[in-house]
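Hi,

Here is the structure I promised to pass on.

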Amino acid sequence: MRQNHFLSPTLRDVPSDAEVTSHQLMLRAGLIRQTASGLYSFLPLGMRALQKVENIVRQEMDEAGAQELLMPAIQPAELWQESGRWDAYGPELMRFNDRHSREFALGPTHEEVITTIVRDDVKSYKRLPMNLYQIQTKFRDERRPRFGVLRSREFLMKDAYSFDINQEGLDKSYEKMYEAYTNIFTRCGLDFRAVVADSGAIGGKDTHEFMVLSSIGEDTIAYSSESNYAANIEIAPVVTQYEKSDEVLLDLEKFDTPELKTIEELESSLSVSKEKLIKAVLFIVDEKPVLVLVRGDHEVNDVKIKHYYEAKKVELATAEQTIEFMKCEPGFIGPVEVSKTVDVIADFAVEVIVNGICGANEKDKHYKNVNPNRDFIVKQFLDLRFIKEGDPSPDGKGLIRFAEGIEVGHVFKLGTRYSEAMGANFLDENGKSKPMIMGCYGIGISRTVAAIIEQNHDEKGIVWPTSVAPFDLHLIAVNLKNVEQKELSENLYKQLKQEGYDVLFDDRAERPGVKFTDADLIGLPVRITVGKKATEGIVEVKIRKSDEVIEVHTDQLLSTLEDYIKRQG
Ligand code: ATP
Ligand code: MG
């Protein structure tokens with residue numbers, strides 16, 4: 001590709017509206033342009049990177065036995081009503097009416113469509129398993145689109161759906177996708193972890209998220225210092241064994257604590273350890289008020305509340321709701337003498353607290369020497385807190401550490417959630433009708449491109465891994481007015497293309513400094529510069545990643561490049 005007529009507008013300055021490096025570099029290197037909030041155009045360089053990732057995904061999906069198809073981005077409301085998601089999905093679903101006032105949505109995901117397709121055409125166990133995928137634009141009206149294409153409102157996704165006759169079949173399909181994803185992200189040059197995740201709103205059991213490790217990641221991963229255990233902190237179980245002290249139980253006592261509302265204020269002004277404090281937080285769980293107790297140094301994990309109640313929605317109570325149910329303003333609520341309408345549940349760590357401190361459900365008052373089971377009744381003690389760094393790893397090996405991650409892929413065992421709701425049944429060997437067992441598997445292709453840049457850059461620009469670089473080589477003619485340089489670079493351009501390389505040829509009438517700065521910013525793996533030594537048939541080869549520079553005679557150029565490519569694996 002000749003750069004002179006190639007749309008790759010580079011920017012010298014860091015765009016002020018771009019917070020994270022990948023977003024800045026994608027704008028500066030001319031990969032993307034914003035069209036509106038959360039909506040981006042991929043310019044030719046960006047498009048090429050997108051296609052590189054897409055091709056890796058396609059190869060690995062095909063290799064795993066999945067079949068590619070393409071479903072419409074526009075989906076009728078009836079399908080979503082059938083699955084029950086039309087009302088459940090919320091404002092992220094972009095809805096619209098057609099000219100006949102029929103309701104539609106722009107697909108954020110395609111379980112409904114694929115389930116009806118398979119339902120209508122696959123009837124017998126003999127035709128299963130099947131795994132179908134597509135690479136397509138998805139739409140989600142994100143509450144906070146941000147970080148460029150990392151969280152946009154329109155983005156490219158690979159979504160796959162597996163159909164099996166039983167759980168073992170699903171386990172196998174899932175395993176295959178897990179392996180394919182591992183191959184894909186490895187080939188993309190990413191440092192990632194597959195982490196156990198929350199099955200969330202889709203309603204299923206086993207699920208892993210593929211997380212690219214990065215400090216800008218929105219998810220926190222709890223991983224073991226000694227094993228390969230990794231889980232989203234939302235679901236990581238706490239296996240700490242708490243010991244009860246043998247202190248003598250003292251009498252319950254109410255005392256004044258004006259202005260001491262938070263755990264921190266209590267801790268510092270009463271000079272007691274947080275481990276003696278009982279934190280009480282009121283939640284509304286599908287309309288039901290639930291008072292959740294954790295130790296002062298722990299944080300309530302609402303996902304665990306949601307799982308315990310098998311609830312749809314868990315929300316912090318508002319000040320008004322707190323007054324309504326606890327007869328007390330927030331800051332002083334506690335578990336002693338709570339109205340029967342309120343459930344009290346507590347984390348295991350609370351069970352062993354002796355002579356603790358908690359709110360007295362009265363303004364400016366707390367209790368001291370409060371003891372569980374004696375002074376208040378708990379419906380159930382269970383694991384309700386977030387795991388912390390230093391906690392034992394749930395697999396029994398090592399201690400928990402935290403890292404931030406960007407979710408690039410997600411594999412999910414759906415089970416019969418959609419097949420039952422939408423009647424996707426098959427006849428088994430005995431002629432009995434059964435719902436198909438499904439799995440779904442997504443990869444954010446555009447997000448993956450950004451994640452690759454987030455992990456592969458330096459102060460000068462992007463440093464593309466060879467597997468996903470928009471071009472393999474950047475050919476630069478220092479001075480095109482010089483006849484030898486012009487001739488040699490034109491010849492090399494032809495020759496390298498013939499050899500099967502994707503070449504970006506900087507044939508612009510720009511100063512060399514500009515060309516080199518742009519080349520570093522764009523970050524193609526290998527730069528070949530044709531300069532003064534063109535007369536001797538010598539060019540300069542520079543490896544972007546290592547900054548290694550060598551002079552090579554054009555006779556040796558092809559073998560030098562081959563060596564380099566081999567070294568990259
Ligand atoms: P997130 O938690 O980041 O919102 P999600 O769990 O809602 O993502 P899935 O429904 O699992 O996402 O979608 C599959 C993949 O699509 C994700 O793993 C991610 O890579 C990508 N993806 C999801 N939402 C976006 C978005 N707004 N912009 C870009 N990619 C996205
Ligand atoms: Mg997800």
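Let me start with Asp141: its relative accessible area is 29%, so Asp141 counts as partly exposed (buried is under 20%, exposed over 50%, partly exposed in between, with a 1.4 Å probe and protein chains only). Asp141 forms a salt bridge with Arg153, with the closest N and O atoms 3.0 Å apart; the rule asks for a side-chain nitrogen of Lys or Arg within 4 Å of a carboxyl oxygen of Asp or Glu. Both partners sit in the loop between β7 (130-139) and β8 (154-164), 12 residues apart. (Helices are DSSP runs of H or I with at least four residues, strands are runs of E with at least two, and numbering goes from the N terminus.)

Before the rest, some housekeeping. This is a predicted model, where local features need pLDDT of at least 70 and side-chain atom pairs count only at pLDDT 80 or more, while totals for chains, interfaces and linings use all residues. Residues are numbered from 1 along each chain as its sequence is written, chains are lettered from A and ligands numbered from 1 in the order in which they are written, and side-chain values use heavy atoms, leaving out hydrogens and water.

Back to the salt bridges: the count comes to 48. Another one joins Lys288 and Asp343 at 3.7 Å, N to O. Lys288 is in strand β15 (residues 288-295) and Asp343 in strand β17 (residues 343-347), 55 residues apart. Asp343 is buried at 11% relative accessibility, whereas Lys288 is partly exposed at 31%. There is also a network of salt bridges linking Arg2, Lys486, Glu490 and Asp507.

On to the domains, whose bounds come from an automatic or database domain assignment: domain 1 is 13-236 + 402-453, domain 2 is 253-382 and domain 3 is 471-567. How much area do domain 1 and domain 2 bury between them? About 360 Å², 43% of it on carbon and sulfur atoms; that is the accessible area (1.4 Å probe) the two parts lose on being put together, summed over both. Asp198, Glu234 and Ala236 supply 71% of domain 1's share, more than any other three residues.

Cheers
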